[in-house]
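Hi,

Here is the structure I promised to pass on.

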Amino acid sequence: MTYQFGFVMDQIAGHITTYKNLRAVASQHADIAADWHEIAYYREGGAIERLRKALPFIPGYATGIARATQEMRRAVRSRPYDALYNNASVFVFFSKTYRRIPTLIDFDSTPVQLDRMEAYGAQPDPAPVAKLKWTLTRSAYQSAALLQVWSRWVKSSLIDDYQIDAEKIVINPPGIDLSLWQPGPPREEQAGHPLRVLFVGGDFGRKGGPLLLDWHAGQDPSRVELHVVTREDVATRPGLYIYRDIEPNSPQLIRLYHQADLFVLPSLGECFGIATVEAMAAGLPVIASDVGGTADIIEPGRNGLIVPGGDGAALAQAIEHILGDPARRASMATQSRQLAEQRFDLVKNASRTFGYLRQIADARHHSSRTA
């Protein structure tokens, strides 16, 4: 049997990499006929965008939602599907579609969780708006056939905040290409160089970059360097190196991981740090803050450490704990790669997703035949 699946994929931030990875693995499954619908929030010269130029008082987020909703509506109506995969942020408006087409919704956080994170800069919604958003979201969750979440943190929110049945929830984070992300040569072969700490985060402030700058300001640059990959403009100084034009999965980015001794992501707000997973696959000990799904990525003491978000003293102590002990650093590096292979293998995790899609499609077909 060949399954006709529709994939509705957000084209923002890290979702683009997830989309490309998932699509690459899907091509290896002969029983899947896939349509890929790229959901954008802005189209240059589009009718919705021209309307906003004519009426500039319309908020940009409103036209972005309108654009994505229009594109998703076209996607789900394009042909009959056995099942849908949806990770678009406008999923809340399509409960009726999910009751018609069995749908797997994939996400790394719930709206309630994002609203609780001050680092994302969200302002509290007025009570009526908050109630409407919660009602729409819960209806979408209930209407979907399956909810695929990236961590236990999200599963807990679905159960506690939205009263969703636990049996409807599966935990399956997106994997990474372990054949691409591999450990580099042992750093011991590069003796005489300063130790290198790596940070990768486009949103420098939210990802805790300033905390790392504060720590590094007190370090001897001949002993330890800080290498920062970000899209923001950060001033350099001795021992501090900034990279602003590096693409995801690029050879330049992988090279930076291979040249590092420790990866640090002290986010103030984070749902699921894929950059931390990449560091693990590259064979690095990792430090991250206790936000979002970090507890499902790092095993403290085994492959790295988890520190309280915003705690500069705890961060500095954790960094020195790992950098100051070469044997611990080497052991954590080995454990990082092993955990990446066990939990974040792109082929395994994507294939698991396709298995869930077959499962909900078969359940619908069986129900139809029984009826």
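Predicted model: local features only at pLDDT ≥ 70, side-chain atom pairs only at ≥ 80, totals over all residues.

The lining of the largest cavity splits into seven nonpolar, seven polar and one charged residue. Numbering starts from 1 along each chain as its sequence is written, and side-chain values use heavy atoms, with hydrogens and water left out.

Back to that cavity. Its volume is about 130 Å³, and of the 15 lining residues, T18, L22, P174, G175 and T353 lie nearest the centre. Helix 1 (15-26) and helix 13 (346-370) each give at least two residues to the lining, with helix 13 providing the largest share, four residues. Helices here are DSSP runs (H or I, at least four residues), numbered from the N terminus.

A cavity is a set of points on a 1 Å grid over the protein atoms alone where a 1.4 Å probe fits but cannot get out, and lining residues have an atom within 4 Å of a point. Grid points are joined across faces, edges and corners, and a volume is the space filled by probe spheres set on the points. That gives three cavities of 30 Å³ or more.

The second largest cavity has a volume of about 60 Å³. Its lining includes L265, E270 and I298, and divides into five nonpolar, five polar and one charged residue.

Now the helix pairs. Helix 2 (residues 47-54) and helix 3 (residues 60-76) cross at roughly 160 degrees, their axes coming within 9 Å. Axes are lines fitted to C-alpha atoms over the stretch in contact, and angles run from 0 to 180 degrees between N-to-C directions. So helix 2 is roughly antiparallel to helix 3 (over 145 degrees; under 35 is roughly parallel, 65 to 115 roughly perpendicular and the rest oblique). A47, I48, E49 and R52 of helix 2 touch G60, T63, A66, R67 and Q70 of helix 3, where contact means heavy atoms within 4.5 Å. These contact residues comprise three nonpolar, three polar and three charged.

Helix 6 (residues 127-143) packs against helix 7 (residues 152-162) at about 120 degrees, with the axes 11 Å apart, which means helix 6 is oblique to helix 7. On the helix 6 side W134, T137, R138 and Y141 meet L158, D161 and Y162 of helix 7; by class, that is four nonpolar, one polar and two charged residues.

Cheers

Conventions
Nonpolar A, V, L, I, M, F, W, Y, C, P; charged D, E, K, R; others polar. 1 Å grid on protein atoms, 1.4 Å probe; cavity = no way out; pocket = protein on both sides within 12 Å on 5 of 7 lines; lining within 4 Å.
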